[in-house]
Every structure is written in C-alpha cells, then in structure tokens.
Amino acid sequence: MTPTSTAAGALAAIGAALLLTPAAAGTAAAASLPTPTAALQQPQVGPALGALGGTTGYVLGPVKDLRLDPFAKSAADPLNNALSLEPDNGVPHVSTTAATGSLSGGGGAKDLPVVGTLLGALPGH
C-alpha cells in the first residue's frame, strides 16, 4: 500500500465515523424520551381571564369613542335635520334632536342617550 492510499483510507474512516456518530447519539436520545400520550393537560383558566380583563379596557375604549356618523358637523349630515312636534294639550314639544344631536355633533356610541349609559359600565375611557 502506498502512503497516499493509507491516508485517504484513514480520512474516509474518520469522515464515516463523524457522519454516523450524530445518528447514533440521536437514536440513543430518542430511546430515552417518554412515549407520547393522547391525554390533554388541564386548562389554566385563571391566567386567560386575567389577560382578558387587562386588555378589555384597551379594546373597548376606542370602540366607545369611535365616531358613528361620518358626515357629522357637515352640510351633508342627514342626522342634522330634526323633527319637532308640539302637542296642543300643554305637553312640552318632542324633538328628535335628543336622539340624533350627539351623533350629528361628532360623538360616538358613548354619547348616545341609552347606549352611552350601558357602555359606561364597561371598562375603558
């Protein structure tokens, strides 16, 4: 044998050993792992509700302030037209301005008469 073929054979043997060693180590590591099961873990409800309670104000705040009438404070606003009725029997006049005035002024859902009171109970600004 020549020294070149011996060196080439030695390099080939070292290369094969390096290639096969990780595979053998992976097989040994896989053999020591526990067998997977189909059982589910118990749900952790507390942290989920805590995160929900902490983010609700940040989500609902902009929704309550969202401008509902895109034409508010403009000449093209259809809610700016009010209808008023004054009965003959001495009852004060009734107008739609109480219901639509807050929207035609550029307000959001929190400015509506009944809905605003309900939204005030929710977190957010």
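This report looks at the overall layout of a predicted model and then at a few of its residues.

## Overall layout

The protein has 4 helices and 2 strands. Along the sequence, they come in the order α-α-β-β-α-α.

Of the contacts with a separation of 6 or more, 58% join residues 24 or more positions apart. The chain has 125 residues, and 12% of them are buried. The accessible surface is about 9600 Å². Carbon and sulfur atoms supply 70% of that surface.

Helix 2 spans residues 45-65. Leu49 sits in this helix. Is Leu49 buried or exposed? Leu49 counts as exposed because its relative accessible area is 53%, and the cut-off is over 50%.

Leu49 also belongs to a nonpolar surface patch.

Lys64 is buried, yet it has no salt bridge. Which side chain of opposite charge is nearest to Lys64? That is Asp65, 7.3 Å away.

What does Lys64 touch beyond its neighbours within four places in sequence? Its contacts include Gly108, Ala109 and Lys110. Leu119, Leu122, Pro123, Gly124 and His125 are also among them.

Asp77 lies in the loop between helix 2 and strand 1, which spans residues 84-85. Asp77 is buried and has no salt bridge. Its nearest side chain of opposite charge is Arg67, at 7.9 Å.

Leaving out residues up to four places away in sequence, Asp77 touches Asp69, Phe71, Ala72 and Ser104.

Note on methods:
Residues are numbered from 1 along each chain as its sequence is written. This is a predicted model: local features need pLDDT of at least 70, side-chain atom pairs count only at pLDDT 80 or more; totals for chains, interfaces and linings use all residues. Side-chain values use heavy atoms; hydrogens and water are left out. Buried means under 20% relative accessible area, exposed over 50%, partly exposed in between (1.4 Å probe, protein chains only). Lys and Arg count as positive and Asp and Glu as negative; His and the chain ends are not counted. A salt bridge is a side-chain nitrogen of Lys or Arg within 4 Å of a carboxyl oxygen of Asp or Glu. Contact means heavy atoms within 4.5 Å. Patches are made of residues with over 30% relative accessible area and no salt bridge: like charges are joined within 9 Å, nonpolar side chains (Val, Leu, Ile, Met, Phe, Trp, Tyr) within 5 Å. Accessible areas come from the Shrake-Rupley method with a 1.4 Å probe; for residues, only the protein chains shown count as cover.
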